[in-house]
Amino acid sequence: VSVTVKECLELQLLEVEMLLSMFPQKGEIDLDEGAVSGVRRYLGNAGGALPPQLRYSVAVDVGEAKVKVDLQVQLPHLYPHVAPQLFARSNALHRQQQSQLNARLASHISSLDSGELHIYEAVQWVKDNSLPYLENSQISSESASKEVVVKGTLHRMWIYSHHIYRQELRKKIFDCAKTLNLTGFCLTGKPGVICVEGLQENCEEFWRVIRYPNWKHISCKHVENIETEGSIDNLRLFHAFEDLQFQAHGDYGLRNDYHMDLGQFLEFLKQHQSGHIFQILFGVEGKHSDK
């Protein structure tokens, strides 16, 4: 059956409204209101550029202990006629258990009829099927803590892009860093530079998400791993995820081809014990003199 994007987006909004009425408590659904507004504008004036895909997460309480499992949802424009992108995540799950849970969730969703709305069904499935994975995760945690002192590793990635301007892309970068508890910064402009630090799996997930579907002019230039027997938070060079925008070089007005003042950027790196990264990112040594 031939369906239009408009029909699919109308169904997606209907499903979101239904979920909001079923999960009315604050924090149960984390929804990007801007994306919803974008879909509504498109439906009111179909024919323009497609709006950003709808993304939201549903916090699912599992078991008597009410352990939180977040079901992250991203809807292709032709959902429900193509499968939704779903990912269940919990701080109480090790990577292996999380991976197994998501493989089974994907298998279950693929067995359902195309054209039907599936997100509530997915929420129920996570609620009913996550407990064994949480219990396995707890058992393996206990046995690991008996065997050795738990060592943590701080992972830090330095990412270079030809430029970073678009508001939608910057929002994605900041939202993703916040969700994954990563600190660092995003330098907007030309060139664009991103640094993220935190747990390795979270940094790798950030890298996977921001590159999707095909950000071409971007590369991970350098990775650092630092082991500690204490909290990795003590090793962080940044206390938050910062928005860096330095005065552009020259009088370029509001054009989108201005270069950032790399001298200021070098000073910023030195203040965060990272002056050596300048050469790795740009292939030249920083010449800016220390004040």
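Author: What follows is a set of questions about labels, each answered by setting a value against a cut-off. One caution at the start: this is a predicted model.

Reader: Let me begin with helix α1. Why is M18 called partly exposed?

Author: M18 is found in helix α1, residues 5-22. Its relative accessibility is 35%. Buried means under 20% and exposed means over 50%. The value for M18 falls in between, so M18 counts as partly exposed.

Reader: What makes M18, M22 and Y120 a patch?

Author: A patch takes residues with over 30% relative accessible area and no salt bridge, and nonpolar side chains are joined within 5 Å. M18, at 35%, passes the area cut-off. Together with M22 and Y120, M18 forms a nonpolar patch on the surface. The accessible area of the three together is about 250 Å².

Reader: Which hand does the crossing of α1 and α2 have?

Author: α1 passes α2 in a left-handed crossing.

Reader: How do you know that R40 and E17 form a salt bridge?

Author: The rule asks for a side-chain nitrogen of Lys or Arg within 4 Å of a carboxyl oxygen of Asp or Glu. The closest N and O atoms of R40 and E17 are 3.3 Å apart. That is inside the cut-off, so the pair counts as a salt bridge. The pair links distant parts of the chain, with R40 in helix α2 and E17 in helix α1, 23 residues apart.

Reader: How many salt bridges does the rule give?

Author: The count comes to 12 salt bridges.

Reader: What makes K171 and D32 another such pair?

Author: Their side chains meet at 3.6 Å, N to O. The limit is 4 Å, so K171 and D32 form a salt bridge. K171 is in helix α6, residues 167-179, and D32 is in the loop between β1 and α2. The two are 139 residues apart.

Reader: Why are K171 and D32 called partly exposed?

Author: K171 has a relative accessible area of 39%. D32 is at 25%. Both values lie between 20% and 50%, so both residues count as partly exposed.

Reader: Why is I194 called buried?

Author: I194 has its place in strand β7. Its relative accessible area is 1%. Buried means under 20%, so I194 is buried. The C-alpha atoms of I194 and Y160 are separated by 6.5 Å, although the residues are 34 apart along the chain.

Reader: Now the loops. Why are N181 and Q273 called exposed?

Author: N181 has 54% relative accessibility, and Q273 has 57%. Exposed means over 50%, so both residues count as exposed. N181 lies in the loop between α6 and β6. Q273 lies in the loop between α8 and α9.

Reader: What is phi at N181 and at Q273?

Author: Phi of N181 is near 55°, a positive value in a residue other than glycine. Q273 is not a glycine either, and its phi is positive at about 50°.

Reader: Which peptide bonds are cis?

Author: The bond from Y79 to P80 is one of them, with omega near 15°. P80 lies in the loop between β3 and β4. The bond from K190 to P191 is also cis, with omega near 0°. P191 lies in the loop between β6 and β7.

Conventions
Residues numbered from 1 in each chain as written. Predicted model: local features only at pLDDT ≥ 70, side-chain atom pairs only at ≥ 80, totals over all residues. Heavy atoms only, no water. Patch = residues over 30% accessible without salt bridge, like charges linked within 9 Å, V, L, I, M, F, W, Y side chains within 5 Å. Areas by Shrake-Rupley, 256 points an atom, 1.4 Å probe, with all protein chains shown as cover. Helix = DSSP H or I, 4+ residues; strand = E, 2+ residues; numbered from the N terminus. Buried < 20%, exposed > 50% of the residue type's maximum accessible area, 1.4 Å probe, protein only. Left-handed = near helix turned anticlockwise from the far one by under 90°.
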